[in-house]
Amino acid sequence: NNFGKIKLHNGVEMPVLGLGVYKVEDGTQIEETIHSALDFGYRLIDTASFYENEEGVGRAIRNSSVPREELFITTKVWNSEQGYENTLRAFDQSMEKLELDYLDLYLVHWPVKGMYLETWRALEKLYQDGKVKAIGVSNFKTHHLKDLLSNCQERPVINQVELHPLLLQAELRNFCSQQDIVVEAWSPLSRGRFLDEPILRSIAERHGKTPAQIILRWHLQHEIIPIPKSITPSRLKENAEVFDFQLSQQEMAEIDGLNKNQRFGADPDHID
Ligand code: NAD
């Protein structure tokens with residue numbers, strides 16, 4: 001599979017599709033999942049301290065034959081770890097678990113009210129010290145981004161948010177694009193809840209692809225980085241085979257038209 005790359009505004013290159021590992025068990029499950037994913041061409045792995053599988057991610061990487069510099073590893077600082085000193089400590093803990101010399105991308109997992117600006121100062125410090133190649137945020141709405149952008153030294157390269165055909169996030173994507181912030185999509189497949197949708201099925205049939213592949217292709221053509229999760233080798237392979245066809249403008253518009261502004265995950269304005 002020919003996974004392309006996208007250049008972030010600080011010059012770092014990042015694969016355009018990745019593997020999400022939320023709810024993948026630490027131990028053999030994560031090691032086997034990452035090894036199959038690497039065989040199918042995945043190079044971007046998205047974990048978080050909250051997922052409690054950073055050790056397994058690190059082990060899987062060390063036991064693979066893929067050179068470190070080809071990989072792009074993301075982890076995140078959890079809500080209870082926010083604040084300047086706490087975040088620096090949380091980063092060290094994540095790095096000890098991952099056993100990596102450097103991290104590719106560190107994200108603020110959620111915009112914890114009254115905390116995220118201090119947390120961001122810690123990410124800036126980690127970036128300036130060369131411990132992480134790029135820093136970004138997750139689950140930031142436009143108002144959080146505006147607040148951050150007017151109070152930062154380093155700008156976030158990415159905003160990772162829930163984004164799938166039922167949650168188009170048009171206004172937020174527009175703002176991010178104006179600010180040169182790449183959008184990354186979590187739950188890109190709505191956790192599999194929407195794959196029977198007739199429009200997706202008919203587009204899939206036309207291309208000889210599956211609805212999951214149509215959805216991921218839709219993300220790519222919108223220049224959004226999807227990070228689908230699976231532990232099933234056949235699905236990992238299926239989710240990676242999205243670089244050999246193209247959706248027409250009309251098909252893209254039909255999929256956009258499925259939007260219902262429907263979140264399955266938490267609303268970032270209503271978290272602890
Ligand atoms: P997802 O949309 O990737 O759905 C994964 C589920 O869809 C799988 O468990 C499986 O049941 C099904 N599936 C996967 N491939 C399929 C296929 N080809 N055909 C049929 N069914 C298939 O949902 P997710 O795991 O919530 O999100 C992906 C990743 O995003 C996570 O693993 C995590 O890394 C990240 N994430 C981040 C946040 C955040 O707050 N930043 C929140 C949730 C998830």
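This is a predicted model: local features need pLDDT of at least 70, side-chain atom pairs count only at pLDDT 80 or more; totals for chains, interfaces and linings use all residues.
Mentor: Axes here are lines fitted to C-alpha atoms, for helices over the stretch in contact, and angles run from 0 to 180 degrees between N-to-C directions. Residue numbers start from 1 along each chain as its sequence is written.

Trainee: What does the chain average in pLDDT?

Mentor: The average is 97, and 99% of the residues score at least 70. The ipTM is 0.99 and the pTM 0.98.

Trainee: OK, helices. At what angle do α2 and α3 pack?

Mentor: About 45°, with the axes of α2 (residues 54-62) and α3 (residues 84-98) 7 Å apart. Helices are DSSP runs of H or I, at least four residues, and strands are runs of E, at least two, numbered from the N terminus. E54, E55, V57 and G58 of α2 meet S94, K97 and L98 of α3, contact being C-beta atoms, placed from the backbone, within 7 Å.

Trainee: And the sheet, which strands stand at its edges?

Mentor: β3 (18-20) and β10 (224-226), each with a single partner strand, so one side of each has no neighbour in the sheet. The order is β3-β4-β5-β6-β7-β8-β9-β10, open, with parallel pairing; pairing takes at least two DSSP bridges. Neighbouring strands are turned by 25° against each other on average, direction ignored.

Trainee: How many bridges join β3 to β4?

Mentor: Three, to β4 (residues 44-46). G20 has D46 of β4 as its bridge partner.

Terms used:
pLDDT is the predictor's confidence in each residue, from 0 to 100. Two residues are in contact if their C-beta atoms, placed from the backbone, lie within 7 Å.
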